[in-house]
Amino acid sequence: VGTPIFHMGSMLGQEGSNSLTTGIISHIGRTPRELNNYFDQSSAPATHGSSGCGLFLLDGRYIAMLVRGNSEVQSLIIPIRRIREWTKKTGTEWLLDPSLPAPKE
């Protein structure tokens, strides 16, 4: 909590324009009732259409994917630790780890 980050997004999705905003990680492990899973929260402003875009540390390391932006109120993000759990479950770890072989066609 308090770690500076930046968000790269696209207001209104493909029809919009690219944007870069900054903020901090403001909460770890938030679990909204209606979503039944855990997310982290960011203060980086993100608008409708930016879902799926990345959040990064100031040195450029990818740390999360935006799933729900609500202007400057709150942005829910899927942290990289949860993305890694998903790739293990689905056998797609090679997507995140270039040392692992990709499947043959």
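Colleague: Why is F56 called buried?
Modeller: F56 has 17% relative accessibility. Buried means under 20% relative accessible area, exposed over 50% and partly exposed in between, with a 1.4 Å probe and protein chains only, so F56 counts as buried. F6, also at 17% relative accessibility, counts as buried by that rule.

Colleague: What do these values rest on?
Modeller: On a predicted model, in which local features need pLDDT of at least 70 and side-chain atom pairs count only at pLDDT 80 or more, while totals for chains, interfaces and linings use all residues. Residues are numbered from 1 along each chain as its sequence is written, and side-chain values use heavy atoms, with hydrogens and water left out.

Colleague: How many aromatic pairs does the structure hold, and what makes F6 and F56 stacked?
Modeller: There are 2 aromatic pairs. The rings of F6 and F56 are 5.5 Å apart, centre to centre, with 20 degrees between the planes. Rings of Phe, Tyr and Trp (its six-membered ring) pair if their centres lie within 6.5 Å; planes under 30 degrees apart count as stacked, over 60 as edge-to-face and the rest as tilted. The F6 and F56 pair is therefore stacked.

Colleague: Which strands does this pair link?
Modeller: F6 is in strand β1 (residues 4-10) and F56 in strand β4 (residues 54-57), 50 residues apart. Strands are DSSP runs of E with at least two residues, helices runs of H or I with at least four, numbered from the N terminus.

Colleague: Why is the pair of F56 and Y62 called edge-to-face?
Modeller: The angle between their planes is 70 degrees, with 5.7 Å centre to centre, so the angle is over the edge-to-face limit. Y62 itself is partly exposed, at a relative accessible area of 35%. Ring pairs link F6, F56 and Y62 into a cluster.

Colleague: How do you know that the charged end of R82 sits over a ring?
Modeller: For Arg, CZ must be within 6 Å of the ring centre and within 35 degrees of the ring normal; for Lys, NZ is used. The charged end of R82 is 5.8 Å from the ring centre of Y38 and 4.7 Å from that of F39.

Colleague: What makes R81 and D40 a salt bridge?
Modeller: Their side chains meet at 2.8 Å, N to O. A salt bridge is a side-chain nitrogen of Lys or Arg within 4 Å of a carboxyl oxygen of Asp or Glu, so this pair qualifies. The pair links helix α1, which holds R81, to strand β3, which holds D40, 41 residues apart.

Colleague: Why is Q41 called buried, and which residues does Q41 touch?
Modeller: Q41, in strand β3 (residues 39-42), has a relative accessible area of 10%, so the term buried applies. Contact means heavy atoms within 4.5 Å. Not counting residues up to four places away in sequence, Q41 touches I24, I25, S26, H27, R30, Q74, S75, L76 and I77.
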